[in-house]
Amino acid sequence: MTQPLRVFITGTAGFIGFHLARLLLDEGHTVHGYDGITDYYDVRLKQRRHALLREYPAFTATEAMLEDAAALEAATRAAQPDVIVHLAAQAGVRYSLENPRAYIDANLVGTFHVLEVARALRPRHLLMASTSSVYGANTELPFGEERKTDTPLTLYAATKKANEAMAHAYAHLHGVPTTLFRFFTVYGPWGRPDMALFKFTRGILEGTPIDIYNHGEMYRDFTYVDDLVRAIRLLIDAVPSAPSERHAASGWQPLQGDTLSPVAPWRVVNIGNSDTVRLLDFVEAIEAELGKPAIRNFLPMQSGDVPATWADCSLLKRLTGYAPQTPFREGVARFVRWYREYHGV
Ligand SMILES: Cc1cn([C@H]2C[C@H](O)[C@@H](COP(=O)(O)OP(=O)(O)O[C@H]3O[C@H](CO)[C@@H](O)[C@H](O)[C@H]3O)O2)c(=O)[nH]c1=O
């Protein structure tokens, strides 16, 4: 194993933060989690995730909001992290039409506070979540990182695009190496109850209709959570170099397709399954696994939604030698097993 790291993760009671913390703890690292345990969805699920993490002696946590700058400062100062992974956010595409302020508070103000603590503590690497939603109105697939991201369709996507830009400015000004990830519809055990897989599984088991947007003519690059956190783990070690280091290294050559900034130790990387799955095929996979048909309630396209996503993960592969590849049927089967066990159904 490499040297044990002290890792500070925001969002450890959340879906992805929980899985990442578990992976790092299993590898022998120390993790301090920070989570506001908001009631955007069932807080018991968040508390269960945190309770499981607390079984590791190397896990400690602060339960506070990102907007609480003093609490965040105190927690990071005490943790003295080598690495900060900022995953806490107000997530969800459609909820941003209902409660836009939550996205301003958590994603803009909260991320600003994370950038400020990183500036003060100077970890060796700061990594932060962005989203495939930043590709907005792009229709040319797959999405490579170089595609334009100037046409967000929701305030959610706009705040995440702003996070990428804020992080770039801080990396340029203050020199903390920073990596942004663009996630593609992450799913799996301990997943978010507002997302399609969770809602569809619940509806099918309860015999209630499931809402299928755009009459099922939707495509998503569904990314299995274990693959995603494996990619994050590998990216922790792929620290973006500063422009001065590049100039000093003789014969330095950029990686093909790298997004490394010419003026900052900053890059952005897609993490997806490099596959695009038709929503109706996804529904059929859930039905097959549950052995029960869904009652389909076909609805029109929801405002702010994008019809298709598909990640080009060549850069991730070049940086880490790894790219996610769990077939969606296998990932769905693992989720359904977890769902039944968790709910005792
Ligand atoms: C919740 C729900 C979703 N859908 C459709 C919309 C999408 O085509 C597909 C998957 O929806 P979701 O599971 O909500 O995921 P998606 O809209 O891609 O958004 C997710 O993935 C994004 C990209 O990583 C994240 O930034 C978001 O936080 C996350 O919620 O299913 C339905 O047809 N009915 C539903 O009730």
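1. Tryptophan 190 sits in the loop between β7 and α7, where helices (H or I, at least four residues) and strands (E, at least two) are DSSP runs, numbered from the N terminus. Its phi is near 65 degrees, a positive value in a residue other than glycine.

2. Two remarks on how to read the model belong here. Residues are numbered from 1 along each chain as its sequence is written. The model is predicted, and for that reason local features need pLDDT of at least 70 and side-chain atom pairs count only at pLDDT 80 or more, while totals for chains, interfaces and linings use all residues.

3. Two further backbone details deserve a look. Most residues other than glycine have a negative phi, and most peptide bonds are trans. Threonine 185, although not a glycine, has a positive phi of about 30 degrees; threonine 185 lies in the loop between β6 and β7 (186-187) and counts as buried, because it has 21 C-beta neighbours inside 10 Å. The peptide bond that joins leucine 141 and proline 142 is cis, with omega about -5 degrees, and proline 142 is found in the loop between β5 (125-131) and α6.

4. Strand β1 (residues 6-10) has 4 of its 5 residues buried, so this strand is largely enclosed by the rest of the structure. From β1 the chain crosses through helix α1 (residues 15-26) to β2 in a right-handed β-α-β crossover; right-handed here says that, with the strands pointing away from the viewer, the path from the first strand over the helix to the second runs clockwise. β1 and β2 run parallel and are joined by 5 bridges, and two strands are said to pair if DSSP finds at least two bridges between them. Valine 7 has valine 31 in β2 as its bridge partner. β1 also pairs with β4 in the parallel sense, over 4 bridges, and there phenylalanine 8 stands opposite isoleucine 84.

5. Strand β2 (residues 30-35) is in turn joined by 5 bridges to strand β3 (residues 59-63), and these two run parallel. Valine 31 has phenylalanine 59 as its bridge partner in β3. Together with helix α2 (residues 43-54), β2 and β3 make a right-handed β-α-β unit.

6. Glutamate 63, in strand β3, is partly exposed because 16 other C-beta atoms lie within 10 Å. Tyrosine 34 is 29 residues away from glutamate 63 in sequence, and 5.8 Å away in space, C-alpha to C-alpha. Neighbours within four places in sequence aside, glutamate 63 is in contact with Asp35 and Ile37, contact being defined by C-beta atoms, placed from the backbone, that lie within 7 Å.

7. Strand β11 (residues 266-271) is mostly covered, with 6 of its 6 residues buried. In a regular strand the side chains alternate between the two faces of the sheet. In β11, Trp266, Val268 and Asn270 point one way, whereas Arg267, Val269 and Ile271 point the other way, and all are buried. β11 pairs with strand β6 (residues 178-183) in the parallel sense over 6 bridges, and leucine 180 has valine 268 as its bridge partner in β11.

8. The largest nonpolar core has 92 residues, and those with the most contacts inside this core are Val85, Leu228, Ile232, Ile271 and Ile286; such a core is a set of buried Ala, Val, Leu, Ile, Met, Phe, Trp, Tyr and Cys residues joined through C-beta atoms within 7 Å. Helix α6 (residues 155-174) gives the largest share of this core, 8 residues. Valine 85, leaving aside its neighbours within four places in sequence, is in contact with Val7, Ile9, Leu20, Leu127 and Ile232.

9. Of the 18 residues around the ligand, Ala91, Thr131, Met195, Ala196 and Met218 come nearest, where a residue is near a molecule if its C-beta atom, placed from the backbone, lies within 6 Å of it. α7 (196-206) and β8 (210-212) each supply at least two residues of this shell.

Key:
Buried ≥ 20, exposed ≤ 12 C-beta atoms within 10 Å, placed from the backbone. Contact = placed C-beta atoms within 7 Å.
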